[in-house]
Amino acid sequence: MEYTAGYYDVAVVGAGHAGCEAALAAARMGMNTVVFAINLDSIALMPCNPSIGGPAKGHLVREIDALGGEMGINTDKTFIQIRMLNTGKGPAVRALRAQADKKAYQFSMKYTLERQQNLDIVQEEVVRIMEEGGKVKGVVTRTGGIFYSKAVILTTGVYLRGRIIIGDVNYSGGPNGLFPASQLSESLKDLGFELGRFKTGTPPRVHKHSIDFSKMIEQPGDEVIIPFSYTSENIKREQVSCWLTYTNKNTHDIIMENLYRAPLYTGDIRGVGPRYCPSIEVKVVNFREKPSHQIFIEPEGLNTNEMYIQGMSTSLPADVQIRMLRTIKGMENARIMRYGYAIEYDYVIPTQLSLSLETRKIKGLYMAGQINGTSGYEEAAAQGLIAGINAALMIKDREPVILKRSDAYIGVLIDDLITKGITEPYRMLTSRAEYRLLLRHDNADLRLTEIGHEVGLISDDRYKKTLEKKKMIEKEIERLKSIKITPTEENNRILEELGTAPINTPFTLEGLLRRPEMDYEKIKALDKKRPELPPEVIEQVEIMVSYDGYIRRQIEQVESFKKLENKKIPNDMNYDMVYGLRTEARERLKKVMPCSIGQASRISGVNPADITILLIYLEQQKRKKAHG
Amino acid sequence: MKDEDTIAAISTPMGEGGIGIVRISGEKSFDIARKIFHPRSEIKNIKSRYLYLGHIVDPEKGYIVDEVLTSFFKAPHTYTREDMVEINCHGGVTAQRKILELALKLGARLAEPGEFTKRAFLNGRIDLSQAEAVIDIIRSKTERALVMASRQLAGGFSEKINSIRSELLNIMAHIEANIDFPEDDIPEADPGKIKGEIIKTRGQIEELIKNTGSGRIMREGLSTLILGRTNVGKSSLLNAMLKEERAIVTDVPGTTRDIIEEYINIKGIPVKIIDTAGIRETSDLVEKIGVERAKKYLKEAEMVLLIMDASEEITDEDRSIFEMVKDKFTICVINKIDLPEKIEVKELERLLPDKKIIRISALKQQGIEELKDEIYNSVVEKIGPIDENTIIAGQRQKKALEDAEDSLSRALTSMDEKMPVEIIEIDIKEAWEKLGEITGDTVSDEIINAIFENFCIGK
Ligand SMILES: Cc1cc2nc3c(=O)[nH]c(=O)nc-3n(C[C@H](O)[C@H](O)[C@H](O)COP(=O)(O)OP(=O)(O)OC[C@H]3O[C@@H](n4cnc5c(N)ncnc54)[C@H](O)[C@@H]3O)c2cc1C
Ligand SMILES: Nc1nc2c(ncn2[C@@H]2O[C@H](COP(=O)(O)OP(=O)(O)OP(=O)(O)O)[C@@H](O)[C@H]2O)c(=O)[nH]1
Ligand SMILES: [Mg+2]
């Protein structure tokens with residue numbers, strides 16, 4: 001029997017990485033919020049690798065943090081190792097990557113949710129979305145509870161009609177032996193949504209005591225800890241190591257011999273999997289000439305002996321899994337605690353959403369995370385945060401936050417999903433961002449804190465600090481530009497000592513800093529009266545001066561990009577009325593319903609002539625209106 | 001809604017000796033025109049809609065490009081409602097092209113197909129009822145431009161671009177794989193190797209700039225070699241086509257000893273005619289060098305006019321020349337048809353099965369027009385009709401190639417300055433994108449696809 005279980009502003013279905021951010025954002029913005037999970041022990045669960053961050057993903061975490069999300073803070077609280085990657089490359093692609101204590105991460109996040117005002121947490125499976133007149137009304141749970149709400153955010157992850165596959169065994173299920181959600185897909189189809197099916201997989205977990213680490217290469221964390229969150233200060237922590245080993249010919253032989261039992265090759269798995277997380281069987285088949293593949297052994301946490309075997313994702317039968325593992329150096333006696341598996345699940349074709357993550361069909365219904373076809377904790381969290389913010393803003397009758405491709409990786413992520421659509425699980429890569437040099441992980445705060453403050457997720461105090469930082473950077477660059485170094489003998493002697501060419505005309509300090517071989521610390525010898533500045537300010541000054549030419553070029557590109565982004569297309573645009581569009585373009589435009597000329601121009605199948613025609617049509621409409 | 005950039009294009013279809021108009025529209029149009037247009041008498045205040053006589057002068061090199069009539073039109077009473085300049089020139093396509101190029105160099109952008117009309121509409125010049133007509137114009141112009149562009153891509157050009165692009169793509173994929181998957185066991189891209197690849201591809205682009213399809217023909221003329229044994233009337237033909245006594249003509253075999261180059265314009269196509277020394281075995285050193293030169297020029301020529309003497313039988317020397325032009329784009333010209341015919345035409349047809357044969361008399365000026373028609377038709381057959389669209393398409397390609405070249409040069413500078421890889425990659429990517437504009441491939445997913453194809457990635 002159904003009963004009325006409550007009235008809320010926002011109902012969040014799912015408490016994975018997307019759901020947690022969505023629920024926290026909505027509640028913190030004053031919304032009366034409820035969040036559901038099929039099992040509360042799955043809150044902020046990491047069903048795959050125990051790590052957060054890396055190139056592009058680490059950027060997302062920093063952006064989440066700058067907007068007032070939780071992922072960065074929670075990672076800082078619970079990481080057991082942290083490293084800065086790409087230190088040998090430039091500032092745009094440097095990124096943080098942390099190993100988290102999985103359980104600690106979950107419990108810390110769960111406790112944060114539990115302490116959050118305006119937020120109810122309920123263990124229930126949602127089976128139906130209620131809709132009336134194109135507007136969402138709430139959700140119904142399996143036990144008959146009707147939760148009325150003004151907005152619903154779906155963050156159901158890999159659970160929709162989840163199916164687990166291990167060799168020739170397969171059954172319906174969610175990750176980590178949890179229950180799947182078997183009914184919600186039907187409700188979504190009834191509402192007219194188009195669903196697709198993807199797959200992903202995870203490697204076995206092995207007991208630590210069965211591994212001989214002396215045969216492996218140790219990978220310690222960084223000595224100097226740089227945290228994810230701009231609010232975390234001075235973290236001192238004992239770190240644990242990861243371990244590196246390799247597969248070999250024997251491993252590959254066992255895989256090849258048993259390929260006829262691999263569901264990926266027998267046709268048992270039909271969902272499309274991600275290319276960047278291939279299973280070991282796919283790697284061995286596709287790169288036959290490679291004699292070995294890297295395997296990282298990563299601890300799942302401090303209070304467990306489970307070790308995650310990165311690089312061994314597989315859905316081969318259990319008996320093959322154990323045999324192939326034992327061919328690997330240091331794993332000769334490996335004991336598997338959890339077998340690797342593949343999981344297939346439904347996702348909602350994301351071109352049915354608008355850039356605010358609201359569905360175009362049903363007002364007040366939002367989707368975020370893996371349900372939109374992405375993969376990865378950070379991608380999920382980023383969308384969850386935006387969906388939570390926008391649901392709250394919608395209820396407050398305010399304009400949604402839509403980050404542009406030039407504002408943030410989050411903007412790139414959402415625009416890619418909605419405008420270009422996807423053909424495989426989507427993962428964020430730095431190469432997807434065309435303005436990569438501007439979207440650095442070190443300046444996420446400068447880019448986004450203002451937006452976080454405006455929606456109410458960033459405190460006045462934190463915002464003020466960011467503004468001060470901005471001012472300090474600008475002032476210091478101005479100062480460096482204003483100080484002239486003259487070509488005196490003394491100065492040239494210093495320059496030569498610093499390993500750079502002497503000067504024969506006056507040079508500003510900024511000009512000297514621009515030289516590839518110079519840095520802020522070095523020019524100190526010529527800069528007697530420099531102010532005391534925090535390291536993060538100095539870092540910005542160095543980057544902005546050293547890459548000034550390239551940064552300015554990207555800013556120019558962004559300007560012209562924005563011109564097209566700012567030419568808005570009305571929501572109720574009727575493409576059938578536009579004379580002269582090619583059929584293909586018309587169909588694609590109707591499918592995506594872009595909100596600007598810029599967005600329209602990124603849709604595949606829409607060419608420049610179609611864009612001109614759209615411009616003319618919009619102008620025509622404007623004039624008609626002007627003339628009454 | 002106002003577009004800030006200034007656009008330029010050639011606006012009239014051209015014919016031989018016809019007047020062509022270069023139009024410039026936008027804020028900078030007056031500025032640009034004042035920089036290249038030198039009026040006959042000094043202008044104090046520009047009068048709108050007034051024709052000024054003068055010269056277009058290349059501001060860098062200082063030489064006169066063409067004598068022109070220029071009019072300035074002050075906004076808003078113009079077609080586009082922006083400041084506009086029209087330059088009427090006489091000097092045929094080559095001059096129009098050059099003037100356009102100057103305008104582009106000074107900051108104008110090449111107009112998109114139909115863009116003048118589009119601006120006219122968007123700036124309120126054309127009224128609402130005409131919107132559909134405007135769209136039709138834009139649609140048809142765009143489609144024609146696309147056809148033109150793809151025609152010009154024939155002849156191995158697009159394959160070359162694609163192969164350069166795929167080399168750049170491989171470099172990028174490697175850099176990107178290093179960036180996005182720093183912990184996978186992918187070797188770091190070697191800067192020395194990257195540098196070598198960039199230098200190599202830049203060289204290939206330079207080569208292409210010199211040789212872009214009809215664009216190149218428009219710039220440098222279709223190189224047409226007059227070939228034949230001595231005394232058949234090669235120099236006479238050159239003179240007949242030029243309508244002037246340019247080359248020395250005598251009845252002494254071996255008169256022409258060096259290469260003579262002259263330009264003529266055939267219905268808008270510039271043709272560079274090259275007269276050569278007659279081919280024969282000779283002991284005269286100077287003549288011998290001339291013959292060798294002729295053979296060398298033959299390699300580079302795009303078209304050969306193979307001259308035969310109607311009053312003589314086919315000789316062994318002729319046969320050896322047939323062998324030389326076997327794979328060349330050749331028109332066989334039988335000269336001296338005013339004399340009694342001795343040449344075995346049937347045999348000639350047999351020996352040159354796939355070549356067109358034209359009969360002329362250089363002396364009597366017979367058949368010269370037919371020969372010109374034949375040259376024109378052959379070119380059109382090869383690269384499509386030559387009109388403003390072809391030229392613009394060629395111009396676009398050249399610009400894209402030059403931009404790509406610039407980007408790669410910048411990448412090299414940045415490498416020397418030890419900039420990080422992701423910075424260097426910005427320029428490589430820009431070059432790759434510019435080249436993609438030519439072939440119409442700009443799908444950015446290509447890079448990501450290449451990463452996964454080339455490297456074993458993932459946990
Ligand atoms: C086996 C496996 C391997 C993976 N491998 C990788 C990898 O290698 N790399 C990578 O980046 N990512 C990987 N992922 C993906 C990553 O785990 C997810 O992208 C991320 O966790 C998605 O977050 P989410 O918030 O969208 O959903 P999830 O974290 O899946 O959370 C979904 C939440 O929704 C709840 N829920 C679902 N349906 C209902 C319902 N009807 N009613 C109530 N609650 C519901 C669940 O209880 C859960 O709390 C893998 C996932 C799995 C399962
Ligand atoms: N009757 C007649 N004589 C011609 C004609 N064309 C050329 N001649 C004559 O043929 C002779 C050779 O002419 P050229 O033009 O010098 O021949 P060429 O092929 O350039 O000779 P080389 O430069 O020596 O190889 C001259 O006496 C010309 O007047 C023609 O159409 N009819
Ligand atoms: Mg001669």
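**Figure 1. Chain B, surface and overall make-up.** The accessible surface of chain B comes to about 20500 Å², and carbon and sulfur atoms account for 50% of that. Keep in mind that this is a predicted model. Chain B has 459 residues, of which 54% count as buried. Its secondary structure runs to 15 helices and 13 strands. Look at the contacts in chain B between residues at least 6 apart in sequence, and you'll find that 69% of them join residues at least 24 apart.

**Figure 2. Polar contacts of ligand 2.** Which parts of Gly254(B) and Thr256(B) lie close to oxygen atoms of ligand 2? For Gly254(B), a backbone N or O atom sits 2.7 Å from an oxygen atom of the ligand. For Thr256(B), a polar side-chain atom lies 2.8 Å from a ligand oxygen. On its own, ligand 2 has 650 Å² of accessible area, and the protein covers 91% of it.

**Figure 3. Ligand 1 in its shell.** Over to ligand 1, which is surrounded by 36 residues. Ala18(A), Cys48(A), Val126(A), Gln370(A) and Gly376(A) are the closest. A backbone N or O atom of Ala18(A) is 2.9 Å from an oxygen atom of ligand 1, while a polar backbone atom of Val126(A) lies 2.8 Å from a nitrogen atom of the ligand. How much of ligand 1 does the protein cover? It covers 98% of the 990 Å² of accessible area that ligand 1 has on its own. Several elements of chain A give two or more residues to the shell, including helix 1 (17-28), strand 2 (33-37) and helix 10 (377-395). Strand 12 of chain A gives the most, with three residues. By type, the shell divides into 19 nonpolar, 14 polar and three charged residues.

**Figure 4. A closer look at Thr155(A).** Thr155(A) sits in the loop between strand 9 (145-154) and strand 10 (163-166) of chain A. Is this residue buried or exposed? With a relative accessible area of 6%, Thr155(A) is buried. A polar atom of its side chain lies 3.1 Å from the backbone oxygen of Gly14(A). Beyond its neighbours within four places in sequence, Thr155(A) touches several residues, among them Val12(A), Val13(A), Ala18(A) and Ala368(A). Its backbone has a part to show too: an N or O atom there lies 3.2 Å from an oxygen atom of ligand 1.

Figure 5. Helix 14 (residues 489-497) has four names to look for on its buried list: Asn491(A), Asn492(A), Ile494(A) and Leu495(A). Seen down the helix axis, these buried residues fall within an arc of 155°, so they line one face of helix 14. An α-helix has 3.6 residues a turn, so residues three or four places apart point the same way. Cover for the buried residues includes strand 21 (484-485) and helix 15 (509-514) of chain A. On the other side of helix 14, Glu489(A), Glu496(A) and Glu497(A) are exposed. After the helix comes Gly499(A), with a positive phi near 80°.

Note on methods
Residues numbered from 1 in each chain as written. Chains lettered and ligands numbered in written order. Predicted model: local features only at pLDDT ≥ 70, side-chain atom pairs only at ≥ 80, totals over all residues. Heavy atoms only, no water. Buried < 20%, exposed > 50% of the residue type's maximum accessible area, 1.4 Å probe, protein only. Polar contact = N/O pair within 3.5 Å; in protein donor to acceptor, adjacent residues only side chain to side chain. Contact = heavy atoms within 4.5 Å. Near = heavy atom within 4 Å. Areas by Shrake-Rupley, 256 points an atom, 1.4 Å probe, with all protein chains shown as cover. Nonpolar A, V, L, I, M, F, W, Y, C, P; charged D, E, K, R; others polar. Arc of directions from axis to C-beta.
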